[in-house]
Amino acid sequence: MSATEKNTILLVNGPNLNLLGTREPAIYGHDTLADVEALARDTAAAHQLEVKAVQSNHEGVLIDAIHEARTQAAGIVINPGAFTHTSVAIADALAGVDLPVIEVHISNVHQREAFRHHSYVSPVASSIIIGAGINGYRLAVEQLAHLLGR
């Protein structure tokens, strides 16, 4: 079964995104991770897609989920959190599964500290959505559906 024939999207959220709604609301807003997941599910459903969501503060858990997506998902929407700027391992896992990947960030990382300007994930991403708040997840699912021909 090819990626375009599968109807599951893996939604990956990295470290500290479990604190959405309470962590630095001036930067990340008041919406929660549950709100993000509901938005992604509702958007995916409009394209006859389902969402499997995973959030972890542990790199290996995220890598294992990405590896599983190789045979279970049509594509990946990922907000790697701080692992964006540090994890060659996550970038390698994404490259290794050969699925379309949409990288998303709630804040505009280019308006923030210099260390946030570099992403190890961006070179393996099909598209990147930055600074659109949680609406970026809706845009990411829409873009992934587009790439999948949905």
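How many salt bridges does the structure hold? The structure, a predicted model in which local features need pLDDT of at least 70, side-chain atom pairs count only at pLDDT 80 or more, and totals for chains, interfaces and linings use all residues, holds 2 salt bridges, a salt bridge being a side-chain nitrogen of Lys or Arg within 4 Å of a carboxyl oxygen of Asp or Glu. Residues are numbered from 1 along each chain as its sequence is written, and side-chain values use heavy atoms, with hydrogens and water left out.

Helices (H or I, at least four residues) and strands (E, at least two) are DSSP runs, numbered from the N terminus. R41 has a relative accessible area of 37% and is partly exposed; buried means under 20% relative accessible area, exposed over 50%, and partly exposed in between (1.4 Å probe, protein chains only).

K52 forms a salt bridge with E68, and the closest N and O atoms are 3.4 Å apart. This pair links distant parts of the chain, since K52 belongs to strand 2 (residues 50-55) and E68 to helix 3, 16 residues apart. K52 is partly exposed at 36% relative accessible area, and E68 is partly exposed at 39%.

Helix 3 (residues 59-72) packs with helix 4 (residues 88-97) at an angle of about 5°, the axes being 9 Å apart. Axes are lines fitted to C-alpha atoms, for helices over the stretch in contact, and angles run from 0 to 180 degrees between N-to-C directions. Helix 3 is thus roughly parallel to helix 4, a term for angles under 35 degrees. The contact (heavy atoms within 4.5 Å) involves E59, L62, I63, I66, H67 and R70 of helix 3, together with A89, I90, A93, L94, G96 and V97 of helix 4.

The largest nonpolar core has 24 residues, of which I9, V77, I106 and Y137 touch the most other members. A nonpolar core is a set of buried Ala, Val, Leu, Ile, Met, Phe, Trp, Tyr and Cys residues joined through side-chain atoms within 4.5 Å. Strand 1 (8-13), helix 2, strand 4 (101-105) and helix 5 (135-147) each supply at least two residues of this core, and helix 5 gives the most, with 5 residues. Apart from this core lies another, of 20 residues, among them I63, F83, I90 and A93.

Methods:
Angles under 35 degrees count as roughly parallel, over 145 as roughly antiparallel, 65 to 115 as roughly perpendicular and the rest as oblique.
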